[in-house]
Amino acid sequence: MREAHVRYKVEAWDSLQHLFQIKKINDHILHFLVSFEGKLDMNRLRKSVAVSVEAFPLLKCGFNEEERRPYWESRSNTTNEMLTLIETADAETAVNQFLVSEINTSTGPQIKLWVIRNGKADTLVILMNHMLCDAAGFKDYLYLLSSIYNKVREDANYHPPALGSRRLSQITKMFSWKEKIKILFCKNDMSTHDPAQLKLEGDLKSPFIEIRSITKETFLNLKEYARNHDATINDMILTAYIRTLYEIFGYIFAIPSTVDLRKYLPGHKAEGICNLCTNLNCDIGSDIGASFEDTLLKVRESMKKEKSSIACIKSMFILENVYDRLPYQLAERMVNKSFDNALIAFTNIGIIDKTQFCFDELQITKAFMTGSIKYSPYFQLAVSTFDDNPVLSVNLYGSQADRDTISAFLDKVVLQLNLNYN
């Protein structure tokens, strides 16, 4: 059988992310940037990308929706189509250009990498189709790629084992039938959201990613403050986010916050690169409290309650069963009607582990990941952390006025964090 005819199953989350693009909630691209003090070995990186595709062949596939059920079909996408070296004196402009590039889902490849070289220093920009994985899955790929890069230096024939299942059922199979029944009958309404929205114009021709970095010193102070209040860094940033939103809208509403379901798996490790996330609702009630600390304690209690419940699995459990058991078009209509995204949300991508993500002895000066780019009026604050340096980001297809609005918003969130933990 020719490689071009090899097909792979489309999982429920793949279809849901595709639907989000169709509904103009967000595009389905994950973004990653890492800057080095030195230069990458391009020959070894090219080989590493090729080997990573052998382990995860969906990277060179195209998404096909023409038949009764959609499928990923292997295409003749080459490593040279995935990886490009750009040598330029204006690295910043090139980085900003490629960071908001698009991926053609139908033709593939589903990953794009650019090495942007300015003299003796490289910046690596990687985009991956969100249909293939969530942020944690993207991190798994980054660790895989860097591991291959390091190992082929000593063993040119190194090949990692093929990756495993991408199904949501790897989570649900961890629960007994009694627990599954409890999940199905629990109350978990993730489709009712507050109508509050920021005043955004939107511009489909102008995607951008606005970021704010938090210094290591500030991060360590935040971490200590959180520890003294039996809270997490996630709670701290959510608190700053909620207080900033309260300044704008004058009232409080529940904020959906992404949760990684890998916490239910042995070693928190998925079988393959996939989507295994859903949302929790951070609902602190109608009282913001008199101080940052007051809000933090409310956020802490809300998140502790949410994290201790298995109710968050319900939507994903239903999603997989709907796509597995019903004709695709019917399933798509049902999901389109039932699943919706909040206009304002939050996601903590988490820590990019510097012990797992490294390229020989190359010094990494900066690294961050952001999620998909939202379409107005949808708005999401994201945070990722590398080497104790958190980066806050908001992605939008928007006008310059929108960018100014988001810039001012991020400044307010950072100010909350800088001033109110003391």
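Helices (H or I, at least four residues) and strands (E, at least two) are taken as DSSP runs and numbered from the N terminus. On that basis, the secondary structure of the chain amounts to 13 helices and 15 strands. The structure is a predicted model, in which local features need pLDDT of at least 70 and side-chain atom pairs count only at pLDDT 80 or more, while totals for chains, interfaces and linings use all residues. Residues are numbered from 1 along each chain as its sequence is written, and side-chain values use heavy atoms, with hydrogens and water left out.

**Overall dimensions and surface**

The radius of gyration, taken over C-alpha atoms, is 21 Å; this agrees with the value near 22 Å that a compact globule of 422 residues would have, the globule rule being 2.2 Å times the number of residues to the power 0.38. The C-alpha trace spans about 60 × 55 × 40 Å along its principal axes. Of the 422 residues, 57% are buried (under 20% relative accessible area, with exposed meaning over 50% and partly exposed in between; 1.4 Å probe, protein chains only). With contact defined as heavy atoms within 4.5 Å, 78% of the contacts between residues at least 6 apart in sequence join residues at least 24 apart.

The chain exposes about 18700 Å², of which carbon and sulfur atoms supply 50%; the areas come from the Shrake-Rupley method with a 1.4 Å probe.

**Aromatic pairs**

Rings of Phe, Tyr and Trp (its six-membered ring) pair if their centres lie within 6.5 Å; planes under 30 degrees apart count as stacked, over 60 as edge-to-face and the rest as tilted. A search of the whole structure finds 17 aromatic pairs. Two of them are listed below.

| Pair | Geometry | Centre to centre | Angle between planes |
|---|---|---|---|
| F32 and F357 | edge-to-face | 5.2 Å | 85° |
| F379 and F409 | edge-to-face | 5.1 Å | 75° |

F32 lies in strand β2 (residues 29-36) and F357 in the loop between β11 (344-352) and β12 (364-370), so their pair ties together parts that are 325 residues apart in sequence. F32 counts as buried at 0% relative accessibility, and F357 is buried with a relative accessible area of 1%. Ring pairs also link F32, F36, F138, Y149, F357 and F359 into a cluster.

In the other listed pair, F379 belongs to strand β14 (residues 379-386) and F409 to helix α13 (residues 400-420), so parts that are 30 residues apart in sequence are tied together. F379 is buried at 1% relative accessibility, and F409 is buried at a relative accessible area of 3%.
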